[in-house]
Amino acid sequence: YLRSSRSPRILDGLAPLRGGAEEAAEEPPVERTTPYIIDLTGDRGVLKLTTHPGQEGMRPVANDEVYVLFNGSIECLDNHSTTFNGKNISGIQFDSTCLGPGASLPRSFQVGAGNTLIGWDLAVRNMSKGERAILLVRSDFGYGDMAHTMRSGVVIPPHSTLRFELELLRWNEKDLHQNGGVIVSYSLTAEANRPDSDNHPEPNDEVLVRFCGRYKDQVFLNSGVQPVWVSMSHAGWLHQGAEGKGEALPPSILPRGLLSTLTNEAIKGGKYNVSLRSDYAYGV
């Protein structure tokens, strides 16, 4: 499939989690009309408050690569009077994926691989695609009993409780150019496991593909039931003649994002779902 979409938006409208760990642990009422707090560890080690529900369905599991947006700050439960090295650190932000107004750079990590905070690992396993949540992460599920210096220069003191505003964007998808312009997810057929199937097409190759392009659920490009030949050299479509010989059709505009997917990611037998931002599709 070929889809056009906007790049993921930055975090917005996240309500604060107030009252500290003791208040957060109270049992919610039976009839819930507002988001409620979930204790992910059973001992208030990681508390999660959903502020915007995601898409119902599957959730990340071990070995999935997830992409998130977040703001991280030091949570102080002492009326904002915590000091470290002579400085008040209450509520100070130490990391964020936000680059400025209207811009963000998602981070990724592999679930269960041990390359992120335990609190994050637990949280995303309990989130759905598109869900936004606030997390309170106790130090033993965060940076522990040692001070930690972030890339921003902020020093997180030992035994710090952390507060995260977290959005789960997607998982098992690849940001081909690391800018949100071409997002590729895939599933492999049995043919893709053959030893001769691990090479990508070259820029001058001709490839046999089946495709369907949609924009706002409307089909605008479709190969039909039978696959068609695509000439990578001039982005022209070829179709199969009566004797099995490729016959060139008038060249059409093949989105450059789809071309880069074929040459950088696709393998024989692969099935791909490609989301293209306008500058990688047909422009403005």
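A charge is taken to sit over a ring if NZ of Lys or CZ of Arg is within 6 Å of the ring centre and within 35 degrees of the ring normal. In this predicted model, local features need pLDDT of at least 70 and side-chain atom pairs count only at pLDDT 80 or more, while totals for chains, interfaces and linings use all residues. Residues are numbered from 1 along each chain as its sequence is written, and side-chain values use heavy atoms, with hydrogens and water left out.

Arg 170 lies over the face of Tyr 67, 4.3 Å from the ring centre. Arg 256 is placed over the face of Tyr 280, at 4.2 Å from the ring centre.

Rings of Phe, Tyr and Trp (its six-membered ring) pair if their centres lie within 6.5 Å; planes under 30 degrees apart count as stacked, over 60 as edge-to-face and the rest as tilted. Six aromatic pairs are present in the structure. Phe 94 and Phe 164 make an edge-to-face pair, with 5.8 Å centre to centre and 90° between the planes. Because Phe 94 belongs to strand S7 (residues 93-96) and Phe 164 to strand S14 (residues 161-171), this pair ties together parts that are 70 residues apart in sequence; strands (E, at least two residues) are DSSP runs, numbered from the N terminus. Phe 94 is buried, with a relative accessible area of 2%, where buried means under 20% relative accessible area, exposed over 50% and partly exposed in between (1.4 Å probe, protein chains only). Phe 164 also counts as buried, at 2% relative accessibility.

The pair of Phe 109 and Trp 120 is tilted, since the ring centres are 5.7 Å apart and the planes are at 40°. Both Phe 109 and Trp 120 are buried. One aromatic cluster is formed by Phe 70, Phe 94, Phe 109, Trp 120 and Phe 164.

Conventions
Helix = DSSP H or I, 4+ residues; strand = E, 2+ residues; numbered from the N terminus.
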